[in-house]
Amino acid sequence: MFDRKPLSGVLLAGILLTVVPASALSKPEDPLFASDTPLEITLSAPLSQARSERDKSAVYPGEVRWDTRTFPVEVTLRGNRRLNRKVCAYPPLRLNFDKKTTADSVFDGQTNLKLVVQCGDGTLHADYLRAEYLMYKALNVLTPLSYQARWINVTYTDTDGQMEDRSEGAFFVERTGRLAKRKGRKSAEVGTIRIDELDLPSAALVNLFQFVIANPDYSLTTAPAGDECCHNAKLVTGPTQGTYTPLIYDFDSSGAINTKYARPPLVLDIKKVTDRIYMGYCDENGVLDDARARMLAAREEIIGVFTADPVLSPRKKSRVVDFLERGFEILSDDGRFRKVVLNRCR
């Protein structure tokens, strides 16, 4: 039953078409995400005040300098766990641009952008951030229905003069609406959905990806009370009417990155974030073989995202790669795959 044969090119193409829309529906990428070249910017705002208040409802005036141009922005705070001052010294940010000022620039078309910042000072936190950025790039290898990310080298200037300037890495994440438009889909602002409303090939693929990186901190069907679906995931319309395609983000709680502040959800039967647990649904079992084949076909390219990276420290790179390889080894072994994936569906 579990014997696997290599997929033919025709079959693999067919699988791809069940998960993503035809390329003819795709729109051009935004200028911001059309290149992987690191972007150099300066962000000026009352950052010490924002860091002290940790108030997601507050709006702070600021500006972004890029090349020879300056853009006014409104800076807000976001996040949940990383917003906690006991977890991160620097809170996650969102930059709200005025579209009228960004024409013919790298920010053309942008209104608000999630800025993933370094949680704390030093190499340890720099590695956490870079590894999370690379998770987005690894997911891009697996499916084009995934968020794009753009690495930036940012200089932070506190306009209140309470903090010294600091320069470090960060990255922007594509907005759900822009991704949906780029792929001929629509954002789905809904609450809890039924499992049978998920596009199962897409769900199976992201559930296996999350299993390999050991990230159980997400949901594809439910959201915290009062929020739109889902938890560390968003939904866009699926390839067929009445279905939804999940888009996952926020990988800092994964065992592959293994941040010192990550904790496994209390409701799960695992003790450490490095313990893998499959979060997929039994409804997906009929398409799980195809998802497994796609994961294994992308194995070397996904690993290559990390091995070829010039920024991640050699020690962290080795640990992440070793961890991912162990996850792929489970997928490639029929017996282990049956035991810890197929038989553990919900």
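**View 1. Of the residues around the largest cavity, 8 are nonpolar, 2 are charged and none are polar.** Here nonpolar means Ala, Val, Leu, Ile, Met, Phe, Trp, Tyr, Cys and Pro, charged means Asp, Glu, Lys and Arg, and the others, Gly among them, are polar. This is a predicted model, where local features need pLDDT of at least 70 and side-chain atom pairs pLDDT 80 or more, while totals for chains, interfaces and linings use all residues. Numbering starts from 1 along each chain as its sequence is written, and side-chain values use heavy atoms, leaving out hydrogens and water. The cavity holds about 100 Å³; on a 1 Å grid over the protein atoms alone, a cavity is a set of points where a 1.4 Å probe fits but cannot get out, and lining residues have an atom within 4 Å of a point. Volume is the space filled by probe spheres set on the points, joined across faces, edges and corners.

View 2. Among the lining residues are His 125, Tyr 128, Leu 129 and Glu 132.

**View 3. Strands S2 (residues 60-66) and S3 (residues 69-77) run antiparallel over 7 bridges.** Pairing takes at least two DSSP bridges between strands. Glu 63 has Pro 72 in S3 as its bridge partner.

Terms used: Helices (H or I, at least four residues) and strands (E, at least two) are DSSP runs, numbered from the N terminus. On a 1 Å grid over the protein atoms alone, a cavity is a set of points where a 1.4 Å probe fits but cannot get out, and a pocket is an open set with protein on both sides within 12 Å along at least five of seven lines; lining residues have an atom within 4 Å of a point.
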